[in-house]
Amino acid sequence: MEIVVNDTNIFIDLYSVGMLEQFFDLSIKVHTVDFIVNEITDNDQIKAIRKYIDNGKLYVQSFDAKELLEVLELHNNAGGNVSIPDCAVWYYAKKHNYTLLTGDGQLRKKAIESSVDVKGIIFVFDRLVEERIISSTYAATKLRELLKQNLRLPKTIIKERIEKWSS
């Protein structure tokens with residue numbers, strides 16, 4: 001089964017449009033790291049994420065001292081605006097050859113440069129439709145909603161999906 005490593009923004013985007021439950025119904029295993037869980041500060045979002053940790057649908061990796069040093073080294077060498085939590089999910093995905101799920105442009109660029117497979121929110125919606133967890137019209141509705149809430153999303157691709165799924 002495919003394993004994806006989730007960054008904070010994917011959780012927040014899915015939560016904001018009420019799609020966490022459907023996301024965790026996908027035929028993928030979802031991992032993240034403790035840095036990402038600790039980045040979520042909204043009580044309702046934390047409660048929602050903890051539900052998936054508690055029921056075993058979300059695996060959270062913690063690092064030992066050696067791994068923490070490697071994450072910090074990656075951060076020091078990354079340059080740009082890539083945070084330590086970003087480097088932690090990047091490191092974990094790279095170390096295990098997992099797909100990184102992120103909407104962060106800087107992280108995406110750096111991870112791709114280091115040969116990590118990177119996908120974003122479009123991948124999630126495509127899979128939700130492909131696996132028939134949601135209908136294409138529902139996906140289009142939720143993408144419209146998400147586009148209003150997150151201005152940094154890839155507008156062209158999202159508008160293409162909305163058009164495709166609305167017809």
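This is a predicted model: local features need pLDDT of at least 70, side-chain atom pairs count only at pLDDT 80 or more; totals for chains, interfaces and linings use all residues.
How many aromatic pairs does the chain hold? The count comes to six aromatic pairs.

**Overall form**

The chain contains ten helices and five strands. Its radius of gyration is 16 Å, which agrees with the value near 15 Å that a compact globule of 167 residues would have. Along the principal axes, the C-alpha atoms fill a box of roughly 50 × 35 × 30 Å. Of the 167 residues, 48% are buried. Where contacts join residues at least 6 apart in sequence, 64% of them link residues at least 24 apart.

The accessible surface amounts to about 8800 Å², and carbon and sulfur atoms account for 49% of this surface.

**Aromatic pairs**

The count of six aromatic pairs includes the one formed by F35 and F63, whose ring centres are 6.3 Å apart; the planes meet at 40°, so the pair is tilted. F63, at 12%, is buried.

Y92 and Y98 form an edge-to-face pair, with 5.8 Å from centre to centre and 70° between the planes. Both Y92 and Y98 are buried. Elsewhere, ring pairs join F11, F23, F24 and Y52 into a cluster.

Most residues other than glycine have a negative phi. S115 has a positive phi, near 70°, and R132 also has a positive value, near 60°. S115 is placed in the loop between helix 7 (105–113) and strand 5 (118–119). R132 lies in the loop that runs between helix 8 (121–130) and helix 9 (136–149).

| Residue | Relative accessibility | Class |
|---|---|---|
| F63 | 12% | buried |
| S115 | 64% | exposed |
| R132 | 76% | exposed |

Are S115 and R132 buried or exposed? S115 is exposed because its relative accessibility is 64%, and R132 is exposed because its relative accessible area is 76%; the cut-off for this class is over 50%.

Note on methods. Residues are numbered from 1 along each chain as its sequence is written. Side-chain values use heavy atoms; hydrogens and water are left out. Helices (H or I, at least four residues) and strands (E, at least two) are DSSP runs, numbered from the N terminus. The radius of gyration is taken over C-alpha atoms; the globule rule is 2.2 Å times the number of residues to the power 0.38. Buried means under 20% relative accessible area, exposed over 50%, partly exposed in between (1.4 Å probe, protein chains only). Contact means heavy atoms within 4.5 Å. Accessible areas come from the Shrake-Rupley method with a 1.4 Å probe; for residues, only the protein chains shown count as cover. Rings of Phe, Tyr and Trp (its six-membered ring) pair if their centres lie within 6.5 Å; planes under 30 degrees apart count as stacked, over 60 as edge-to-face and the rest as tilted.
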